[in-house]
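This report covers a helix pair and a pocket. The structure is shown first.

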Amino acid sequence: MEHDLVRPPKARPGDRIAVVSPSFAAAGAFPAIHEQAMRRLADVTGLVPVEYPTTRTVGATAQARAADLNAAFADPRVRAILAVVGGEDQITVIPHLDADLARADPKPFLGTSDNTNLHQWLWGLGIASFYGGSSQVHLGPGPAVDDIHARSLRAALLTGERLEVTDPGESEDIGVPWDDPRALQSFGEREPTEPWSWHGPRRAVTGPSWGGCLEVLQWILTAGRFPFPPEILRGGVLIIETSEELLPAREVGWIVRALGERGLLAAVDAVLVARPPVSDFDRRPAAQERARLREQQRDTVVDLVHRYHPEAVVCVGVPFGHTRPQWILPHGGPVTVDGVQRRIFADYR
């Protein structure tokens with residue numbers, strides 16, 4: 001079974017990009033970070049950011065947030081859509097979206113975390129998107145935009161090139177609080193990354209990617225918003241990551257096991273697992289404990305994937321999702337997971 005996806009045309013410098021808050025309106029709660037993000041978005045891409053009534057409206061209704069998304073899809077001058085940040089209630093926005101508008105003029109959509117809801121909605125409509133990107137997290141804070149983020153941002157929005165996904169060598173779980181003026185100039189506490197771990201047969205897999213934030217995928221499946229047989233993912237690449245909720249490894253395992261029982265793990269030929277956050281503003285374990293927590297999640301996920309699909313190629317520690325620096329990855333576009341050369345490539349067409 002094939003699921004043919006439309007790849008929306010790229011924007012060009014000078015085009016408009018909608019900046020929306022389909023979940024939490026962090027742009028309104030922390031405007032200084034948002035305004036710096038908008039300046040950097042324009043500088044990095046040459047696009048013109050356009051805000052909507054709920055972009056800065058904290059507590060906007062699901063209907064109002066959906067109306068902004070519908071307006072962005074309906075406006076022919078808007079050539080791409082970027083989410084400000086994630087949240088936890090976007091699942092209530094989805095029923096108010098107009099599928100005909102998205103189908104009539106598909107546009108690149110970028111977002112992470114709770115925006116997994118929108119990625120799955122678009123995927124179900126036959127529209128590819130890009131998993132990653134958050135103006136409030138990856139553009140606004142710190143002294144500059146990370147190189148790997150800027151490169152994948154431009155590839156997703158403008159150039160459509162094929163890039164190798166590489167390890168930036170450093171990572172942070174959480175940045176400086178957005179209400180602290182230092183957040184405008186300082187990254188969070190970064191530490192050296194560990195080498196990615198590779199598991200399964202030494203073979204190369206190229207296929208369309210599917211997935212997102214593991215916790216949100218659980219909600220989507222519970223709500224019945226993936227009404228497809230698992231065979232629709234045959235030969236694809238599953239991309240999964242966990243959020244700042246810092247789920248223990250056993251709870252991550254419960255969700256992965258459910259994906260296996262749903263038949264999704266047996267369908268895909270490769271799995272990319274992001275480097276997980278293991279600390280936040282209130283919990284900062286010692287370095288040795290942080291490494292142990294990451295190893296626990298890695299071992300749990302790899303074991304479960306191979307229970308359901310022993311021949312799957314698995315790579316753990318890839319910098320996407322809830323980590324910084326962050327690669328934006330195709331969602332529905334081709335990704336190559338080369339277990340022979342131990343390399344990953346993403347096609348941003």
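## Helix 9 and helix 11

The model is predicted. Helix 9 and helix 11 run roughly parallel to each other, because their packing angle is about 15° and angles under 35 degrees count as roughly parallel. Helix 9 spans residues 249-261, and helix 11 spans residues 287-308. Their axes lie 9 Å apart. The crossing of helix 9 past helix 11 is right-handed.

Which residues in helix 9 meet helix 11? On the helix 9 side they are Ala249, Val252, Gly253, Val256, Arg257, Gly260 and Glu261. Helix 11 meets them with Gln296, Gln297, Thr300, Val301, Leu304, Val305 and Tyr308. By class, this contact of helix 9 with helix 11 has 7 nonpolar, 5 polar and 2 charged residues.

## The largest pocket

Rolling a probe the size of a water molecule over the atoms shows where empty space is left. The largest pocket holds about 730 Å³ of space. Its lining has 32 residues. Closest to the pocket centre are Val85, Val137, Trp178, Glu244 and His322.

## Lining by class

Among the residues closest to the pocket centre are Trp178 and Glu244.

Conventions:
Residues numbered from 1 in each chain as written. Predicted model: local features only at pLDDT ≥ 70, side-chain atom pairs only at ≥ 80, totals over all residues. Heavy atoms only, no water. Axes fitted to C-alpha atoms, helices over the stretch in contact; angles between N-to-C directions. Helix = DSSP H or I, 4+ residues; strand = E, 2+ residues; numbered from the N terminus. Parallel < 35°, antiparallel > 145°, perpendicular 65-115°, else oblique. Left-handed = near helix turned anticlockwise from the far one by under 90°. Contact = heavy atoms within 4.5 Å. Nonpolar A, V, L, I, M, F, W, Y, C, P; charged D, E, K, R; others polar. 1 Å grid on protein atoms, 1.4 Å probe; cavity = no way out; pocket = protein on both sides within 12 Å on 5 of 7 lines; lining within 4 Å. Points joined across faces, edges and corners; volume = space filled by probe spheres on them.
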